[in-house]
Amino acid sequence: MASNDRLRAGGTPRPLETGDTWWYAAVAGEAAGSFSTRVRSRTRRACLGAVLLLTVVYAGLVLTATGRRWGDAALTGRRADTAAATLLREHPSLAGLTTLSLVLGCALLLATGLLRKRYALTGAVAGALVTSLALTGLLQRYAPRPRLLDAGGALVQSGFPSAQTTLALGTAFGLAFLVPYRLRGLTVLAGTLWAGAVGAYTVAAGDHRPGDLIAAALVVLAVFCGLAALLARKGKIRPARRGPLARALAVAVPLAALAAGGLGAGLWLLGDTLSLPATAPYDPAELRLAHRCGQALAAGVTAAAGLLLLTLLRRVDMDRAPAPYRLGGPFVEAAGAPRDGEVVGPFTEDLDHEIS
């Protein structure tokens, strides 16, 4: 008898009752309570880690003079980067396409949840997305920071964190909660690449510094890890069967390569760009290097956030359990009629009969 079979007073396994999840947990080889506890524990730790890392990024890139100087250099270096400047000059419609893609992404998020009739989960995901945007707005408005002035002496409004990146990555993570489990990996891969492209455009266009994108990715990761922990606590998850290895590798390898390449290249270039002088004039080559360093770091952090979410939600299915069913006939009657309100599993307990 399996360790998760529950016994009646007479020593025979008790049939399922509505709401039981042990049948699906048995597929994963563990008790239902243990599975939910493990998922809740790891997502809560990831949420706390994202908050702590966000604090480090804020202290390093906003509160220190070196961090602010590096962010300004990365922002100014977009003009020295001829490839990015040429792309924006020859394709002015990119601004409209970026806004349109954000609108379509939100519409796709709502449509996916409504078409799959996951109304409660859609509301929870929408609430997490709104929470991410609200936290972004609060940090932009109220987080302590030095007063930044432009060349004309006017006060520069802070963009830490980036609202566009928050919306794009939050939409991608929300879709990961709503789509079927077998499509989650491809959804996160496509959504993360899209969010990275949106963030790269905002830096190239001069709307945000690279640190704003990094902070936005950490805010979204913290909020959606918190949502996953809440769903696990409420018992809204169940174990999923292990999918094909080729499909998992097709998603994990690109994300891991982008995360490792972006973070590696960004950190390697970072040492050469932190030694900028405190005042102008600056070397255009150093500004261009700072811009590319910031783009690489932002892309690496965004990809790492998507990969971490997939790792935390591995074999976690958020779809509803199939409707319980009841068997009838002489075999079930011979095994003993179940009590009212009990759900009978797929096999009877009468060992004299076999279903072939």
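This is a predicted model: local features need pLDDT of at least 70, side-chain atom pairs count only at pLDDT 80 or more; totals for chains, interfaces and linings use all residues.

Begin by selecting residues 94-115, which form helix α5. At 1.5 Å a residue, these 22 residues should span 32 Å, and the end C-alpha atoms lie 30 Å apart, which agrees.

Next, display the side chains of α5. T98, L102, G105, L109, T112 and G113 are buried. These residues cover an arc of only 100 degrees around the axis, so they fall on the same side of α5. Turn to the other side of the helix, where V103, L104 and L115 are exposed.

Then select T112, which is situated in helix α5. Its relative accessibility is 15%, and T112 therefore counts as buried, the limit being under 20%. Beyond its neighbours within four places in sequence, T112 is in contact with L175, L178 and V179.

Finally, turn to the largest nonpolar core, which has 65 residues. Select V125, F173, F177, F224, I237 and M318, the residues with the most contacts inside this core. Helix α9 (residues 210-233) gives the most to the core, with 15 residues.

Which residues surround F177 when its neighbours within four places in sequence are left aside? The contacts of F177 are L121, V125, F224, L227, A228, L231, L309, L313 and M318.

Methods. Residues are numbered from 1 along each chain as its sequence is written. Side-chain values use heavy atoms; hydrogens and water are left out. Helices (H or I, at least four residues) and strands (E, at least two) are DSSP runs, numbered from the N terminus. The expected span of a helix is 1.5 Å times one less than its number of residues. Buried means under 20% relative accessible area, exposed over 50%, partly exposed in between (1.4 Å probe, protein chains only). The arc is that of the directions from the helix axis to the C-beta atoms. A nonpolar core is a set of buried Ala, Val, Leu, Ile, Met, Phe, Trp, Tyr and Cys residues joined through side-chain atoms within 4.5 Å. Contact means heavy atoms within 4.5 Å.
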